Every structure is written in structure tokens, then in C-alpha cells.
Amino acid sequence: MIPVNNALTDTYSKCGSIDMALLVFQRMPGEKSIVSWTSIIAGLAIQGYGEEALSLFHEMEYSGIKPDGILFVTILYSCSHSGLVEKGDEIFDRMTKFYGITPEIEHYGCMVDLYGRAGQLAKAYDFVTKMTISPNVVIWRTLLGACSFHGDLQLAERVKRKLSELDPKNSGDHVLLSNIYAFAGKWKDVATVRRSMAELKLVKTPGWSMIEVDKVMYTFVAGFKEDDAVIKEAYEKLKEVMLRIRIEGGYVPEVVNVLHDIEDEEKEGSVMVHSEKLAVAFGMGRLTKGKIVRVVKNLRVCKDCHNVMKLISEVYGLEIVLRDRSRFHSFKNGSCSCRDYW
């Protein structure tokens, strides 16, 4: 029965139903295995419940089960996605000094992500340079992503040079650097990066969002197409939703997310038709009232869309579960499970 319950816990967690995952875990008959603990801690981690994940980790230790390297990756991931820097440091030290586990590239990656998300970029870079194993592209790319999020142009250029040596044809790295230049208003540098991408024949990964309605999967991309009936339906519903959250929720667009040298009015129009907004609006129009709107997105959700989801959940009394590139966001009553830290 334990393997079946472990599979159920993992399945519910990956579907964003953490309450059901916890229920299965708590009612699990017999002695829980390390897989059981890893599954539920990973589920809490990916939803942003860092404190709860740490509590279960310590409960597991008290039960006499010795954590392994995989579980330490999970708990470090939990710390990084909840901003628990000091706790993450303690866990990393406990792993190496108390349990004698040699850090692998995944553990180092979690630590770089931990410092990077918290804006401690200098500490993250110093950590990378002192790693006992050679940092790979994932480590450097994690740091570049943090530089992009926090707008550290100087460090981003240094990190990008490292990535150019290891993986010169990755389009995502060029996009991140271009984004940082755009945030800084360096449009000539943005143009230079984009020309470089064109010369290398690199294409930016397009953003898309998916939603299931009546057992049919619908995919949305950013923008508006008049000849597509589904997009038109979603767009009309979205206009109604955006007007209501402006009036009742005080919505103000986060136009800083638009990385083009255009006027603010055009930027507002651009952020309005992001794919996750269209998917949520479509779900609101088609799904039964009171049903959870579940959306999957292939990229990291932007600040404006995150704000919109919170306002929709508050104004409409709706629950939204958004799975982006790295985690779940559960929106209820105007707040998100990530506590605005993602």
C-alpha cells in the first residue's frame, strides 16, 4: 500500500492539489518511507509552503529516517522558493557536516537559486566561484536569471560571457541579457543582442498557456487574432474582467514588464493579452461557477499577470491554480501561495 499512497501523494502534488496530497500522506497506513516524505515535502516546496516543508523535514528526522541527497535537494529547493536564506544555509551545512553527504551539482544549484532569488547576487557569485566541482551551464544560467530579475547589468554581462563559452547558441541566455538591457533602458544594446540572435539563427521560445475545459485542451499564445473564434471569445471575456478589476480592485498595469521601446499606452495593451490572462478568462467564461481554474504556462509568470490573478481571485471570489515554468501559484481571496516571492 505504501507505494500506491506515495504515487497518489506525488500525483496530487503535481496537479496542484496539495490539500489532497497532505490528506493521503497523513492517512497513510504503516510506516512512511523516505519516498513518502520526499513526495510530500516536494509538493509543499513547489507550492511555496517553505515553512511547512521544513516542519515536515524535522518531523521526519525525529521519526528516525535519515534523509538522503535527493531529499536535501527538495528541502533546499523549498527554502529557495520561500526566501528562507538562513534556513537554507543551515540545511546545507547540516547535510555536509552532520550527515556527511557530498554536495552534487543539484545541491549547488539550489543554493545559487536561494541567494539569487533573495537578491544576494554577490553572495551567489562568490558561492559559484568557490564550488568544489566545476559549475555547469545550469548554475550560470540560474545566476543570469537572478541578475535579470533584480536588474544587475554588470554581473549579468560577466555571467553571460561564461555562458557564451559553455553554450553559445542558447537563445534563452540572449533573451535574459536583452531583458536586462531593456529594463535599464539601453535600447541600443537590446538591438545588438537581437541582431546577434538573428545572425546565430536563434529563436526566442514563445510563451503559451493551456487550460482544460470539458476534457478538451485549449492553448493560448500572447496576442489577439480576429479570425480565431476561441481567442476572440477569450479576449472579449478578458476585456470585461480587466474593466471590472480596474474599477473594483484598483488594477494598475505593470508596464515595466514590456521590454520594448514603445509608449506606455501601447505597453498596457501588450500586457493585457498575455497568454495566461487569455486562458484564465476563457476558463471563467466556460467553466461551471465555483470550479477551480487551472492553467499551465511554459514560462515564468510576469508581475502584471500575477497581480491580475490575485485581483481576479479577490473580486470574483474565484480560485486559480497557475503552474508556471518552476512552481505552482494558488490564488485565493486576493493572495497567492507564493507570498509574492517567486
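This report looks at a helix pair and at aromatic ring pairs in a predicted model.

## Helices H10 and H11

Let's start with helix H10 (residues 153-166) and helix H11 (residues 171-183), whose axes come within 10 Å and cross at roughly 165°. Angles over 145 degrees count as roughly antiparallel, so H10 is roughly antiparallel to H11. The crossing of the two helices is left-handed.

On the H10 side, the contact is made by Leu153, Ala156, Glu157, Lys160 and Leu163. These meet Asp173, His174, Leu177, Ile180 and Tyr181 in H11. Sorted by class, the contact holds six nonpolar, one polar and three charged residues.

## Aromatic pairs

Now for the rings: searching the whole structure turns up eleven aromatic pairs. One of them joins Phe25 and Trp37 edge-to-face, at 5.1 Å centre to centre with 75° between the planes. Phe25 belongs to helix H2 (residues 18-26) and Trp37 to helix H3 (residues 34-46), so this pair links distant parts of the chain, twelve residues apart. Phe25 counts as buried because its relative accessibility is 3%, and Trp37 counts as buried at 5%.

Phe220 and Phe282 make a tilted pair, with 5.4 Å centre to centre and 55° between the planes. Since Phe220 lies in strand E2 (residues 216-221) and Phe282 in helix H15 (residues 275-286), the pair ties together parts that are 62 residues apart in sequence. Both Phe220 and Phe282 are buried.

## A ring cluster

Which residues do ring pairs link into a cluster? They are Phe57, Phe72, Phe98 and Tyr99.

Definitions and conventions:
Residues are numbered from 1 along each chain as its sequence is written. This is a predicted model: local features need pLDDT of at least 70, side-chain atom pairs count only at pLDDT 80 or more; totals for chains, interfaces and linings use all residues. Side-chain values use heavy atoms; hydrogens and water are left out. Axes are lines fitted to C-alpha atoms, for helices over the stretch in contact, and angles run from 0 to 180 degrees between N-to-C directions. Helices (H or I, at least four residues) and strands (E, at least two) are DSSP runs, numbered from the N terminus. Angles under 35 degrees count as roughly parallel, over 145 as roughly antiparallel, 65 to 115 as roughly perpendicular and the rest as oblique. A crossing is left-handed if the near helix is turned anticlockwise from the far one by less than a right angle, and right-handed if clockwise. Contact means heavy atoms within 4.5 Å. Ala, Val, Leu, Ile, Met, Phe, Trp, Tyr, Cys and Pro count as nonpolar, Asp, Glu, Lys and Arg as charged, and the others, Gly among them, as polar. Rings of Phe, Tyr and Trp (its six-membered ring) pair if their centres lie within 6.5 Å; planes under 30 degrees apart count as stacked, over 60 as edge-to-face and the rest as tilted. Buried means under 20% relative accessible area, exposed over 50%, partly exposed in between (1.4 Å probe, protein chains only).
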